Amino acid sequence: MQIFHRSTNTVAKVSIFGSVFFLAFFAWVFSTLLRSSYATGQGVVLKQPVPFSHDHHVAGLGIDCRYCHTSVETSGFAGIPPTETCMNCHRQIWTNADLLEPVRSSYANDEPIQWTRVHDLPDFVYFNHAIHVAKGIGCVTCHGQVDRMPIMFQQASLQMEWCLECHRDPSRYVRPREEVFNLNWQPPVDKAEAQAMRARLVQEYGIRSMTSCSVCHR
Amino acid sequence: MTRKRASEFLMHSVMASVNDGKGKCGAEACRCQETGEPLDISEVRARLQEKKGPEFWRSLEELAATPQFEEMMHREFPRYASEWPEGVSRRGFLQLAGASLALAGLAGCTTQPEEKIVPYVRQPEQIVPGKPLYFATALTLNGYALGVLAESHMGRPTKIEGNPDHPASLGATDVFSQAAVLTLYDPQRSQSIIKAGRISTWSGFVSEAGAVLRAAQALGGEGVRILTGTTTSPTLAAQIQGFLTAFPRARWHRWEPAGHHHGHAAAMRAFGRPVETRYDFSKAAVILALDSDVLTCGPASVRYSADFAANRRVRADRPEMNRLYCVESSPTNASTVADHRLQLPPAEVEAFTLALAQALGVGGGGATPVLNDPKAQTWVQTIAQDLRQHAGRSLVVGDEHLSPACQVLIHAVNQALGNIGTTVLYSEPVQANPVPDLASLSELVRDMSAGRVDLLLMLDGVNPVYTAPADLGFAGALQKVGLRVHHGLYEDETSALCHWHIPAAHELETWSDARSFDGTVSIIQPLIEPLYQGKSAHEMMAALGNRPDATGYELVREHWQTLMVGDFEGAWRRALHDGFVPNTQLPPIALGVNGGAAQQAAGEVLAMVRRARSQPDAVTLCFRPDPTIWDGRFASNTWLQELPKPLTKLTWDNALLVGPATAERLGVGHEEPVEVSWKGRKLRAAVWVLPGQAANTATLTLGYGRTLAGEFASERGFNAYALRTSDALWTAPGVEVRGLGGRYLFAATQNHHVMESGAEEIPLASREAQTRQVVRVGTLEEYRKNPDFLQDHREEPEPDMNMYPNWEYAGHKWGMAIDLNVCTGCSSCVIACQAENNIPVVGKEQVLAGREMHWLRVDRYFYGDMDEPAIHNQPVPCMHCETAPCEVVCPVAATVHSDEGLNDMVYNRCVGTRYCSNNCPYKVRRFNFLRYSDRENPVMRMLYNPDVTVRMRGVMEKCTYCVQRIEQAKIESKVENHRIPPNKLQTACQQACPTRAIVFGDMNGPDWHVTQWKADPLNYGLLEELNTRPRTTYLAKLRNPNPLLEPAEERTEHGHS
């Protein structure tokens, strides 16, 4: 007695053959999702208590990164400015702007402003700003053209493969220390010249590829 | 994080179900163990006669080679450690396993939660976010200060380090100070002012106490009493004296349960006045410790350990070491580094002291020899000779537990040896109110019973209802006091009987001051605002003096303003910065033992000894402060509760310690519940058979069996205070011990993580057995003859015995060396590691299952005879093997080698297969079977070191060589563009070690100590024959035995090469 219909043969063949495609498709979807801005937060603008514009303060007014992010050269954490830093200027200019009300009330009531973290690494990752700055990695390399961001967002994916891209071969991203905070610095146009400069900096700053796990995970 | 949790869980369930299929249900088996028969000592002895046990052994179970022990040795974790505690059916497992597989994908759909950054409004000047600050302050034990540096992360103290400039610390710490941060954040601390069981207010207390005081004022303060522990605080002393001036008939009483009771009495008899005795171990070449744990117990133990170790370290250019004799009733940490150890019952220790005194011409010569034991007689003669040969450079120390008369003899002996002024220094008392504690407390109880006390103020956490001698009846008398006020960190047995309880501020929350063993004053400064509105003792006293709003800061400053002449602000800031006030050390004073005092003491000791000998079979019970929870004040501190006690390796319990022979004679088994009776008082306890305990001597540590000590400490262990009476503060002769049958479940770690050295298989007589031992011991004599004596027998595999080419370390090459010669087993390193690396506690039940999480363990080995063994310590962190067996078996590459030689553990990759720990011959890997870390409690979260990941359930962890410190040091030096200066990088264990037994550093740097140590001929690797090439190596232990007591031939015969 025939239990299965004749067409079962075809169905079986197609589904076995098809499953390869299905799995491949599934894997593609998975890896795409994993790298999507939904998962990484890349390019997503978050709501902030004050719509602080890096565009205006950096590009417009020419304030140096370190005026606010004071500990970027000495500590792992770059530092978020205390309200007092804002008030240094804003007790004199834009003193009545509605936008700045949260800043004024923070200062008046001694209650900190709660910013939403834009660059948020997982808790098992220990990133250190000071060493990157000291080794000639520019702000713009990771944070993007902050001076063109009216509201701050995360430029890079911040995924481990993105970190490793540089950690495996840092020479591609190194720049002179004095240009670290220059958001518009460009390497020499001449390829050979750029190459020579990077080789010199790698030598001078003692830059090595750092790919051991404990460099970032502790 | 969440993404992998499901797969973790799956793996866990599968592993568990595999085991499930193999054996019976875990829970069931555990119950069997619980009701099992206690280990019978006679049986062990009988089995030992049949075959000889290993030379170094950890426990009686190992000696007897019980099947349970064998299994423990061959497995990574004790049986059932890998199973769920609850009985989960096979079907349940499969359902969960299926569900977790199906839902694994869903876990990937979460994104990171949004986080906030909260900057300051006005940033304090010194704070750099992301960088810790260090503040010099002090922590006290029994009132005596230990200078420390407290690490503060954005206002949260997270770690205590020793203050290198402070004379009591020299940069190291003891276990108590390491654990202080946990007490600070302990959620069980009392959090509000309590009046008769209800929350009340500070002003309520002030007005009520004020009313009583006003009433008493007319009578000059009659009926007002203050009770404190030992205090050395100049400010508090001045405040109380000021109060006593205003209320001249008020009284200041004192009770310190583990204080200087006998020491004080001895000083009064020897010198006619209270005197502080301190030692200078740096000048002592020959030391005799009489029942004394001087290296780990007491206010100066950290300093003494450092000085002792400095003279014990043998190096090629200095092949010399001091000699330590220990004569003791119960094994101490000092005896683990002793050259000779003699165990005698307490009375015989005193007899020994007397005989020694007589041999040195002190206390008059007796007609008949005091000692009848020929061995002890030989000892006395030999030691007397050795001490005399080193007159002025010798030292005899006796502990507080010896009778006052015996301690008078010791003073006289040191005087006769010319040690006063060199190794023994006397000074004015460091304590603010040097009165005999017992008399002071008895007087208080008498007056309370007579209803003469209207206001009793108990300051700074004194807990007399629990700690007072049982015969005084403190609790009953307390009820007759008009107004009872208790001030302490915890609500306890005493506060339960008081009208008022005022929460105390922790030492890390308050301003105060204290003196250290040599008198040096430290200003105690707060690291954080009081978490629970606690008040300091200074604020309490100020409130009684009509200044209820005075802050500790004002009060301490005011006091020092009168003392620091000239530029006060400068001197004050200097003192705060340095951690001590300069030139406050108490100068040594020249003192002689009163004429006739020694003679009289000798007579007394002799009478006592005769009395004891008239009952040769009587068991003497010794009370000792607990090595981890002291007198009970640290009972709530779970780090200390779970720290294996140095000699017994017990956690979460104390036990009645008896020797094997005594247990046999009494007919009680190991872990058997017993009833101990002393003068009509009874206590139920359980026996722990401790090899090395003197015959007919039982030891019970204080601090356990509390009734109101919070969730973790109440009803745990056995209350020694129930038997401790005022005539037997340290030793109770003639107690009765009666076995009750059954078995008490002790959570001891001595059989956990046993290493298989292969030495077990090799005949003992052969030389090879020595080289494979995990602990290697030689003598100074051997070393002098041939410094390479150990190297001649090393089985180090060839360097190219590897399938891969050897890695060249261009940059750093980290390594560690541990000097077994100076390790006293004090375990500061273990707690330091715990604090630094966010290591959770797991609780007694989990320790029983072998799941303790300490990254660093201190193994304690016995050597030789079961009744009178030698004792050795060996700290075992991760070896960071060059060819690490764990790395090759990890299926997800979660443990890998770094390019600087570290064996990295990557938590976020780990899926919890536990293959690595299964393959680790050193058994140093720890698995988070459950979620042990507290991530919810907001206060406990403040404790965590922000530089170390808090691990979740289902991941493996282990010693990282404090990789966060390495990376920090590397980054700092690279930012400043130089290499890490030699020896400027320390691991947490290294930094805490009082004897500097641990060094860590860059083996590529010739100036690092570690490089020098590794080149030492005593250097060897643990289980190096396995070709793991451990990066942590050990310097073999050397002994300096007196040839008269231990002829060289005898040593070789016993294989103690």
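Which residue is the bridge partner of B:Thr137 in S4(B)? Select B:Val148, which is that partner.

This is a predicted model, in which local features need pLDDT of at least 70, side-chain atom pairs count only at pLDDT 80 or more, and totals for chains, interfaces and linings use all residues. Residues are numbered from 1 along each chain as its sequence is written, while chains are lettered from A and ligands numbered from 1 in the order in which they are written.

**Stop 1: the hairpin**

Stay with the opening pair and select residues 133–141 and 144–153 of chain B. These are strands S3 and S4, which pair in the antiparallel sense over nine bridges. Helices (H or I, at least four residues) and strands (E, at least two) are DSSP runs, numbered from the N terminus; two strands pair if DSSP finds at least two bridges between them. Two residues lie between S3(B) and S4(B), which form a hairpin. In the turn, B:Asn142 has a positive phi of about 55°. Most residues other than glycine have a negative phi.

**Stop 2: the contact between the chains**

Show both chains. The contact takes 37 residues from chain A and 36 residues from chain B; two residues are in contact if their C-beta atoms, placed from the backbone, lie within 7 Å. On the side of chain B that touches chain A, strand S2 (116–117) and helix H33 (963–975) are the elements that give two or more residues. H33(B) gives the most, with six residues. That side of chain B has 16 nonpolar, nine polar and eleven charged residues. Here Ala, Val, Leu, Ile, Met, Phe, Trp, Tyr, Cys and Pro count as nonpolar, Asp, Glu, Lys and Arg as charged, and the others, Gly among them, as polar.

Next select residues 115–116 of chain A, which are strand S1. Two bridges join S1 of chain A to S2(B), and the two strands run antiparallel. Opposite A:Trp115 stands B:Ile117 in S2(B).

**Stop 3: the parallel sheet**

Select S11, S12, S13 and S14 of chain B. The four strands form an open sheet in the order S13-S12-S11-S14, with parallel pairing. Strand S13 (340–343) and strand S14 (394–398) stand at the edges, each with a single partner strand, so one side of each is left without a neighbour in the sheet. Neighbouring strands are turned by 10° against each other on average, direction ignored. Axes are lines fitted to C-alpha atoms, for helices over the stretch in contact, and angles run from 0 to 180 degrees between N-to-C directions.

Five bridges pair S11(B) with S14(B) in the parallel sense. B:Leu288 stands opposite B:Val396 in S14(B).

Move along S11(B) to the loop between it and helix H12 (301–310), where B:Asp291 lies. Its phi is near 50°, a positive value in a residue other than glycine. Is B:Asp291 buried or exposed? B:Asp291 counts as buried because it has 28 C-beta neighbours inside 10 Å. A residue is buried if 20 or more other C-beta atoms lie within 10 Å of its own, exposed if 12 or fewer, and partly exposed in between, with C-beta atoms placed from the backbone.

**Stop 4: the nonpolar core**

Select B:Leu409, B:Val413 and B:Leu656. Of the 298 residues in the largest nonpolar core, these touch the most other members. A nonpolar core is a set of buried Ala, Val, Leu, Ile, Met, Phe, Trp, Tyr and Cys residues joined through C-beta atoms within 7 Å. H13 (residues 346–359) of chain B gives the most to this core, with nine residues. Not counting residues up to four places away in sequence, B:Val413 touches B:Leu356, B:Ala357, B:Leu360, B:Val362 and B:Val396.

**Stop 5: two crossing helices**

Select residues 537–544 and 552–563 of chain B, which are H19 and H20; their axes come within 9 Å and cross at roughly 85°. That makes H19(B) roughly perpendicular to H20(B), a class that covers 65 to 115 degrees, with under 35 counted as roughly parallel, over 145 as roughly antiparallel and the rest as oblique. B:His538, B:Glu539 and B:Ala542 in H19(B) meet B:Gly552, B:Leu555 and B:Val556 in H20(B).

Finish at B:Asn546, in the loop between H19 and H20 of chain B. Phi of B:Asn546 is near 70°, a positive value. B:Asn546 counts as exposed, with 12 C-beta neighbours inside 10 Å.
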